[in-house]
Amino acid sequence: MAEISHPNIKYDWYQTESNVTINILVKKVKPENVRVDIIDTKLSCIAKLEDDTDFSLTLHLAHAVQADKTKWKVLPSKIEIKLHKTESIHWEKLEKKPDEPEPKPDEVIKTYPSSKTQKKDWDKLAAEIKKEEAEEKLEGEAALNQLFQKIYAEGSDETRKAMNKSFVSELKTLLFRFV
């Protein structure tokens, strides 16, 4: 099981098809004071905390990961470690007991059908949708609304402030008419 040196510091994890992300919930740690190592299925994170004490977390991962593709970053409220799975399988648990053998591939539940070999390029799909939205011809009030949205989105801070001020002023005028 996890070996953690500070009982008050917690961690959680979640997964996608290709990654496992571990969040160590510790605040105000400097990136230069954090070290993350992965050897086989053993993950170790060591950090010097704000109060100058040391923190360590050691996990015996349930499955193998690609250590060279591991990325981690230090955020104001946590240390986020992103592990790249060697296989696109659903992990039932994050850790295994140190003496527990690695599960055989036929015992592992696949998250997606193995017949699906083609992957989606979500960035390309998003670009296509934006292009279709830009080419869509609107009429009347919808076209005017779209124009204002474009001006606001592409405008400078001064433009946005002026538009917000104008909107609030118009809203106040409308409200006073009904009072």
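Reader: Which residue in S3 does glutamine 15 stand opposite?
Author: In this predicted model, glutamine 15 stands opposite valine 20 in S3.

Reader: What makes strand S2 and S3 a pair?
Author: Two strands pair if DSSP finds at least two bridges between them. Strand S2 (residues 10–15) and S3 have six bridges, in the antiparallel sense, and therefore count as paired. They form a hairpin, with three residues between them.

Reader: To which other strand is S3 joined, and over how many bridges?
Author: S3 is joined by six bridges to strand S8 (residues 78–85), and the two run antiparallel. Within S8, histidine 84 is the residue opposite asparagine 19.

Reader: Why is strand S3 described as largely enclosed?
Author: Buried means under 20% relative accessible area. Six of the seven residues of strand S3 (residues 19–25) are buried, so the strand is largely enclosed by the rest of the structure.

Reader: Why are strand S1 and strand S4 called edge strands?
Author: The open sheet has four strands in the order S1-S6-S5-S4, with antiparallel pairing. Strand S1 (3–4) and strand S4 (34–39) each pair on one side only. S4 pairs with strand S5 (residues 42–48) over six bridges, and arginine 35 has isoleucine 46 in S5 as its bridge partner.

Reader: Why is phenylalanine 148 called partly exposed?
Author: Its relative accessible area is 42%; the class lies between the limits of 20% and 50%, so the term applies. Phenylalanine 148 is in helix H2 (residues 140–154).

Methods: Residues are numbered from 1 along each chain as its sequence is written. This is a predicted model: local features need pLDDT of at least 70, side-chain atom pairs count only at pLDDT 80 or more; totals for chains, interfaces and linings use all residues. Side-chain values use heavy atoms; hydrogens and water are left out. Buried means under 20% relative accessible area, exposed over 50%, partly exposed in between (1.4 Å probe, protein chains only).
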